[in-house]
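Hi,

Here is the structure I said I'd pass on.

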Amino acid sequence: MNDIREMVQKRILVLDGAMGTMIQARHLDAAAFRDFRTKTNETSCNEVLNLNRPDVIESIHRAYLDVGADIIETNTFCATRFSLAEYSLQDDVRLINMAACDIAQRARGNKKAWIAGDIGPGKEALSLSTKVEDPTFRLHTFSDFTSMYREQAEALLDGGVDLFLIETEYDTLVAKSAIHGCLEAMRTRGRTVPVMVSMTFSDNSGRTLAGQTLESVVVSLGDYPLFSLGINCSTGAKEMIPKVKRLASLSPFFVSAHPNAGFPDEEGRYQVDAETFAEELRPIIEEGDVNIIGGCCGTTPDHISAVRKLAEGIAPHRRIQADHKLSLASLDVRSPKEKELFVIGERTNVAGSSKFAALAQQGLWDEALAVARDEVEHGADVLDICMDAPLLDAKAAMVAFLRTIQSDPSVNRLPVMIDSSDFSVVQAAMEEIQGKCIINSISLKEGEDVF
């Protein structure tokens, strides 16, 4: 099998279609979804089918392969510790993921296709609190997420996947944790595979659920060693076209797209047929905006077959060169114009405002947020945040304030400057930022090794 890194530059590769809605169409009985150990507790977990009904999953893979899919995704979208805990299966991550890989390997047989280890987002975000009354609350940390994804990625690597597909991400900070988890897994296993990331944009605002624009996502992830960056789910092909075209003009990576088959009706059925689906994707295929094309919710082998026929013989997207000019991101992007400097708001620095320092000492974060809001209103482009002060737990204060900022879009649209001479504070801050920031106050005063 040729290296996918070479093939993606020669022709448009075809990703498979939906797994979940294909399973639903089988109308399996309750026994298929029961806890595979107890055989009593009923679940709604599609990943349980890897052990209870591997024949069903294999037949879906084969159906996509038979119509020419170049990449098939393992049935592991929700096969992480956090997601499986909902069904008391959190200790079966490795078993479920390895079973999914075995099924995909059997389905592929001697066909020339790649297997993507499918990694989904789960229900929890890192940039959003699950408690409306407490914007600083998080059920899990970035480190927790990274460990969770590393566990899944290690199992997928051991199962023989050819690449990772981190998909349907609505919070770029979660996407970062998944990337880190995959990178750590590749280090522990001594094996490197390409990493695909695909984001989802929730509505016509053009933003993710966590609030970022497409441009902000590209800036936030632009320095990671990704194979591709794409868009999937949430919309049909027609609605996705402008975003994919914009992505192709911005991203330094290969571009992927796998939209839904339109929008579901009241009974959850997707309405766009295969021919219409392919026709709606024609602009990004024929105009060289994609490298990898496929389908998400509601798509079937017929949809993938139609897309495959349309993409046959058409040249893929040519990646643009990375722009190395300074660009920062939070919800929005900030880039200084030529011969123009950023305006840095320093009143969110304990050394720059006695009022802010007093509020931080007392943990009055709502009032501290008002200081940041004033900086925005007075024209700041970047917020300088420093908590290095005597009698203040700088790490805890930094995390609490960054989380509070995320609750206010008027403030969170600005990127931040993390200002601390303590690297543990810098690292803690980085694990709270879904965008791209400035790091300040790193010095050589303790020597080059520490630097």
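The largest cavity holds about 140 Å³ of space. Lining that cavity are 14 residues, with S330, Q406, N412, I433 and Q434 the closest to its centre. With a threshold of 30 Å³ or more, the count is one cavity. Do keep in mind that this is a predicted model.

The largest pocket is another matter: about 940 Å³ of space lies in it. Its lining runs to 42 residues, and G20, N46, E47, F77 and C78 are the ones nearest the centre. As for where the lining comes from, α2 (20-24), α5 (81-84), α7 (142-158) and β4 (163-169) each give at least two residues to it.

Now the sheet. Eight strands form an open sheet with parallel pairing, in the order β1-β8-β7-β6-β5-β4-β3-β2. The edges are taken by β1 (13-14) and β2 (71-73); each has a single partner strand, so one side of each has no neighbour in the sheet. For β2, the pairing with β3 (residues 114-119) is parallel and runs over three bridges, and I71 has W114 as its bridge partner in β3.

Helix α10 (residues 237-250) packs on the sheet, where it touches β6 (228-236) and β7 (254-260). The direction of α10 makes about 160 degrees with that of β6.

Eight of its nine residues are buried, so the strand is largely enclosed by the rest of the structure. On one pairing, β6 runs parallel to β5 (residues 195-199), joined by four bridges, and V197 sits opposite L229 in β6. β6 also runs parallel to β7, this time with six bridges; there G236 stands opposite N260.

V197 turns up again in the packing. Which residues does V197 contact, leaving aside neighbours within four places in sequence? They are I166, I179, L221, L226, S228, L229 and G230. V197 also belongs to the largest nonpolar core, which has 81 residues; along with F164, L281, I285 and I293, V197 touches the most other members. Helix α8 (residues 172-189) makes the largest contribution to this core, with nine residues. There is a second, separate core too: that one has 33 residues, including V350, L369, I405 and V426.

Cheers

Technical notes: Residues numbered from 1 in each chain as written. Predicted model: local features only at pLDDT ≥ 70, side-chain atom pairs only at ≥ 80, totals over all residues. Heavy atoms only, no water. Core = buried A, V, L, I, M, F, W, Y, C linked by side-chain atoms within 4.5 Å. Buried < 20%, exposed > 50% of the residue type's maximum accessible area, 1.4 Å probe, protein only. Contact = heavy atoms within 4.5 Å. Pairing = 2+ DSSP bridges. Axes fitted to C-alpha atoms, helices over the stretch in contact; angles between N-to-C directions. 1 Å grid on protein atoms, 1.4 Å probe; cavity = no way out; pocket = protein on both sides within 12 Å on 5 of 7 lines; lining within 4 Å. Points joined across faces, edges and corners; volume = space filled by probe spheres on them.
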